[in-house]
Amino acid sequence: MNTPTDFVEVPLYRAAHGRTGDKGDRSNISVIAWHPELYPLLAEQLTPERVAAQFRHRAPSRVQRFLLPRLHAMNFVLDAVLDGGVNDALNLDAHGKALSFLLLDMPIRVPRPLVPLLAGP
Amino acid sequence: MNATASPPLLIGCAAGFSGDRTDAAGPVVDTLIARLQGGPAEQRAFLIFETLAERTLALAQLRRRDNPDAGYEPLLDAMLRPVLARCLARGIRIVSNFGAANPRAAARHIARMARELGAAAPRIAVVEGDDLSGPAHLALLHEALGAQMDGLRIVSANAYIGAEPIAAALDAGAQIVVCGRVADPSLTVGPAMSHFGWRADDWHRLGRATMAGHLLECGAQVCGGYFADPGYKNVPGLEEVGFPIAEIDADGHCTIGKADNTGGLVSKATVKEQLLYEVHDPSAYLTPDVVADIAEAQVDQLPGTANRVALSGVRGHARPSHYKVNVCHEGGWLAEGEISYAGPRAEARARLAADVLRKRLDGLALRVDLIGALSILGDDAGRMLADTPDTGLRDVRLRVAASHTDRAQAERLTREVMALYTCGPAGGGGVRTALTPRLNTLSCLLPREAVPVRFELLGAEALA
């Protein structure tokens with residue numbers, strides 16, 4: 001069994017990159033592992049429930065997750081998360097273009113042997 | 001025809017939205033010409049411009065109401081003039097949705113441009129049928145949308161039509177195809193269908209070409225634009241980022257690269273981000289041409305090359321029976337106001353100003369942002385801002401926004417922000433306010449038979 005010291009906690013952006021797209025009041029956010037060996041731990045930890053919690057202020061009505069193992073990527077689709085979307089939102093960022101960075105700020109636990117695969121400081 | 005017998009079709013993209021850089025096409029066309037010169041005699045090349053978004057068409061329709069000769073892409077001249085003569089001389093054909101709400105007027109403009117440049121009169125086709133704002137179709141839309149449409153002032157209604165009329169226009173010899181609301185990837189699928197002679201139910205090939213089109217349709221985004229993140233995603237020469245060129249083979253497989261002598265980069269990472277951009281279920285990316293499926297897609301950097309990435313594993317399934325239709329209507333007013341606070345306790349004074357506005361503007365749902373502290377990731381209800389403690393920010397700009405169908409109600413906001421000059425917290429300065437008419441959209445589906453899609457090769461009299 002792993003003890004807590006076998007892991008380090010880092011923000012998701014060190015393990016993955018991503019981009020946000022939108023259609024109407026729906027946002028899609030890709031999460032793409034920097035290295036194939038990091039993908040399984042993303043699949044394990046980035047559950048729709050945790051992602052919904054990260055976006056709780058926007059109160060998404062549904063969070064779906066699609067896995068793309070060949071791309072070492074996943075796609076999250078968040079419904080009703082853009083305060084109306086590009087036509088109705090009062091937000092300066094009506095498309096929600098910045099939302100991938102809210103997701104990439106989530107903490108994840110990375111086993112120590114995989115730490116050299118992480119990006120950036 | 002098969003992949004070994006025919007060289008790949010080259011398709012360059014020189015615009016990803018209305019308002020994109022107008023100097024993008026030059027290097028793309030230079031590169032296409034160099035590849036045509038250095039390649040086999042059967043090599044062919046296209047240039048596409050994608051310039052429509054959800055609301056672009058409604059804005060174009062408003063311009064056309066004011067002026068029957070307007071309503072097409074406002075930057076058409078700046079985008080096309082620098083490369084038009086070279087494209088015509090070298091046999092590079094052009095396909096675009098820059099016709100927006102008025103493809104015929106755009107075609108006339110292009111014909112004029114060609115004359116002024118001393119080029120032979122090009123064969124120009126317009127693709128029509130997407131515009132459903134006429135009385136006959138409004139009744140049909142009312143059937144589809146029901147009571148939602150009651151009392152609305154409709155500005156535009158357009159179906160997302162597909163690649164077939166583009167391919168037919170090219171088959172008929174068009175050198176330039178001007179479209180309105182065709183789906184973005186169809187700008188790529190149309191040329192590929194025509195060039196390789198694919199049938200309209202060749203789902204796997206159409207699916208592959210659709211995803212090639214999806215990689216191209218946002219212009220620089222697949223070449224490192226919208227990607228750079230210093231220290232994590234470094235992009236060389238972002239200030240002169242190149243635009244993409246796809247090579248599509250007879251089975252629809254593609255490699256993606258970029259214009260020579262430009263900045264930016266094409267890597268597995270840039271391609272993956274663009275591949276998933278605005279995609280929901282990866283196994284069912286809906287377009288009017290096909291349901292594309294990237295669940296098993298793979299991207300690979302081609303060995304020994306820089307800036308070339310291959311996309312494989314894409315499949316396709318039978319296209320939807322209905323077209324998606326966007327209906328745009330007048331949506332009341334957006335009111336915004338901003339004021340700045342600086343120095344000691346600036347954030348506290350900005351928060352106090354927001355409280356004053358909330359109390360004064362009872363009845364208006366107010367969005368509050370503190371620019372510099374939290375102005376993007378927050379929510380309209382203010383939950384995130386309420387959870388974010390005052391961090392003693394010393395340079396903060398308060399922004400408030402609200403919308404209302406009644407202009408007088410929306411104007412209450414702009415007046416109250418202005419009044420903070422003398423009635424609000426200390427030291428507020430730099431008030432800016434704006435009142436903007438809004439456009440809202442509704443979507444519905446209409447059966448393909450209800451949307452009479454067509455193309456017309458325009459004669460000299462139509463282009464005069």
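## Helices α7 and α8 of chain B

In this predicted model, the axes of helix α7 (residues 186-196) and helix α8 (residues 203-216) of chain B come within 7 Å and cross at roughly 135 degrees. Axes here are lines fitted to C-alpha atoms over the stretch in contact, with angles from 0 to 180 degrees between N-to-C directions; helices are DSSP runs of H or I, at least four residues, numbered from the N terminus. The pair α7(B) and α8(B) is therefore oblique (under 35 degrees is roughly parallel, over 145 roughly antiparallel, 65 to 115 roughly perpendicular, the rest oblique).

Where do the two helices meet? From α7(B), B:Thr188, B:Val189, B:Ala192 and B:Met193 touch α8(B) residues including B:Leu206, B:Ala209 and B:Leu216, contact being heavy atoms within 4.5 Å. The residues of this contact divide into 7 nonpolar, 3 polar and no charged (Ala, Val, Leu, Ile, Met, Phe, Trp, Tyr, Cys and Pro are nonpolar; Asp, Glu, Lys and Arg charged; the others, Gly among them, polar).

## Two domains

Chain B has domain 1 (9-134 + 158-321 + 449-463) and domain 2 (327-443), with bounds from an automatic or database domain assignment. Their C-alpha centres lie 40 Å apart, and their contact takes 6 residues from domain 1 and 4 residues from domain 2.

Between them, the domains of chain B bury about 380 Å², 67% of it on carbon and sulfur atoms (accessible area, 1.4 Å probe, lost on being put together, summed over both). On the domain 1 side, B:Glu54, B:Arg55 and B:Ala58 lose the most area, together 65% of what that side buries.

## Conventions

Residues are numbered from 1 along each chain as its sequence is written, while chains are lettered from A and ligands numbered from 1 in the order in which they are written. Local features need pLDDT of at least 70 and side-chain atom pairs 80 or more, while totals for chains, interfaces and linings use all residues; side-chain values use heavy atoms, leaving out hydrogens and water.

Notes
Buried area is the accessible area (1.4 Å probe) that two parts lose on being put together, summed over both.
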